Amino acid sequence: MATPTRLLVRRSRRAPSVRSADRADATQGQVVAMVTDAIYPYHMGGKEIRYHHLIRGLARRGVEVHVFTMHWWDGPAHRVVDGVHYHALCRRYALYRDRRRSILEAVMFSLACLRLVAYRFDVIEADHMPHLPLFTIRLVASLRRVPPL
């Protein structure tokens, strides 16, 4: 896996155009951590479908994608599907209780996100719902010295 790197980018008033071939070469060898408590097809909502398309698109461009989520599937905690690595950080908790997002799920998933410290990646894409894991992910990003998105 790639080690975290920091790039200093100077922004000019007018950004140069980038051809699609150049963009594809720039993503080769990158490792992206996608952190979300729910994933498609196990939970079907707008964010899950968006992440599904984003993950597939990145993988097609040669990006090494690791999705960190709850254990939605049967079998081992780590699996690879279509070149995408899926990691179960914790057991599956109910997302909703009495038609509202579960606080227990948010707390347990947030604590499980501390396990991200053990992995190497270049960038973290963090889901914003529930909000609580964002604090843990920010801590992990600081410790690993990688930019959160």
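This is a predicted model: local features need pLDDT of at least 70, side-chain atom pairs count only at pLDDT 80 or more; totals for chains, interfaces and linings use all residues.

Reader: Where does Asp98 lie, and what is its phi?

Author: Asp98 lies in the loop between strand E5 (96–97) and E6. Its phi is near 55°, which is a positive value in a residue other than glycine.

Reader: And what about phi of Arg145?

Author: Phi of Arg145 is near 55° and positive, and this residue isn't a glycine either. Arg145 sits in the segment after H4, and with a relative accessible area of 61% Arg145 is exposed.

Reader: OK, zooming out. How many helices and strands does the protein chain have?

Author: There are 4 helices and 7 strands. Going along the sequence, the pattern runs α-β-α-β-β-β-β-β-α-β-α. Of the 149 residues, 38% count as buried.

Reader: What share of the contacts comes from residues 24 or more positions apart?

Author: Counting contacts with a separation of 6 or more, 60% are between residues 24 or more positions apart.

Reader: What about confidence, what pLDDT does the chain average?

Author: The average is 83, and 81% of the residues score at least 70. Residues 2–23 are another matter, with pLDDT below 50. That stretch has 15 contacts in the model beyond near neighbours in sequence.

Reader: Switching to aromatics. How many aromatic pairs are there in the whole structure?

Author: A search turns up 3 aromatic pairs. One of them is Phe68 with Tyr119: the ring centres are 4.8 Å apart and the planes sit at 65°, so this pair is edge-to-face.

Reader: Where do those two sit in the chain?

Author: In distant parts of the chain, 51 residues apart. Phe68 is in strand E2 (residues 64–71), while Tyr119 is in the loop between helix H3 (103–112) and strand E7 (123–126). Phe68 is buried at 1% relative accessibility, whereas Tyr119 is partly exposed at 25%.

Reader: And how are the rings of Trp73 and Tyr86 arranged?

Author: Their centres are 6.3 Å apart with the planes at 70°, so that pair is edge-to-face. Trp73 lies in the loop between E2 and strand E3 (78–81) and Tyr86 in strand E4 (residues 84–91), so the pair ties together parts 13 residues apart in sequence. Both Trp73 and Tyr86 are buried, and together with Tyr42 they form one aromatic cluster.

Reader: Which arginines lie over the face of a tyrosine?

Author: Arg50 lies over the face of Tyr51, at 5.6 Å from the ring centre. Arg101 lies over the face of Tyr96, at 5.5 Å from the ring centre.

Reader: Now Ser102. What does its side chain have close to a polar atom?

Author: The backbone nitrogen of Leu104 is 3.3 Å from a polar atom of the Ser102 side chain. Ser102 is in the loop between strand E6 (100–101) and H3, and counts as buried at 12% relative accessibility. Leaving aside neighbours within four places in sequence, Ser102 is in contact with Ala94, Leu95, Tyr96 and Arg97.

Reader: And Thr136, which side chain does it make a polar contact with?

Author: The side chain of Ser110, at 2.7 Å. Thr136 is in helix H4 (residues 132–144) and is buried, with a relative accessible area of 11%. Besides Ser110, Thr136 touches Cys113 and Leu114, not counting residues up to four places away in sequence.

Reader: What does Pro133 touch?

Author: Pro133 is in helix H4 as well, and touches Ala106, Phe109, Ser110 and Cys113, again not counting residues up to four places away in sequence. Pro133 is buried, with a relative accessible area of 3%.

Reader: Last one: where are cis peptide bonds found?

Author: One joins Tyr40 and Pro41, with omega about 10°. Pro41 is in the loop between strand E1 (31–35) and helix H2 (46–60). The bond from Met129 to Pro130 is cis too, with omega near -5°, and Pro130 sits in the loop between E7 and H4.

Terms used. Residues are numbered from 1 along each chain as its sequence is written. Side-chain values use heavy atoms; hydrogens and water are left out. Rings of Phe, Tyr and Trp (its six-membered ring) pair if their centres lie within 6.5 Å; planes under 30 degrees apart count as stacked, over 60 as edge-to-face and the rest as tilted. Buried means under 20% relative accessible area, exposed over 50%, partly exposed in between (1.4 Å probe, protein chains only). A charge sits over a ring if NZ of Lys or CZ of Arg is within 6 Å of the ring centre and within 35 degrees of the ring normal. Contact means heavy atoms within 4.5 Å. pLDDT is the predictor's confidence in each residue, from 0 to 100. A polar contact is a pair of N or O atoms within 3.5 Å; within protein, one must be able to donate a hydrogen and the other to accept it, and residues adjacent in sequence count only if both atoms are side-chain atoms.
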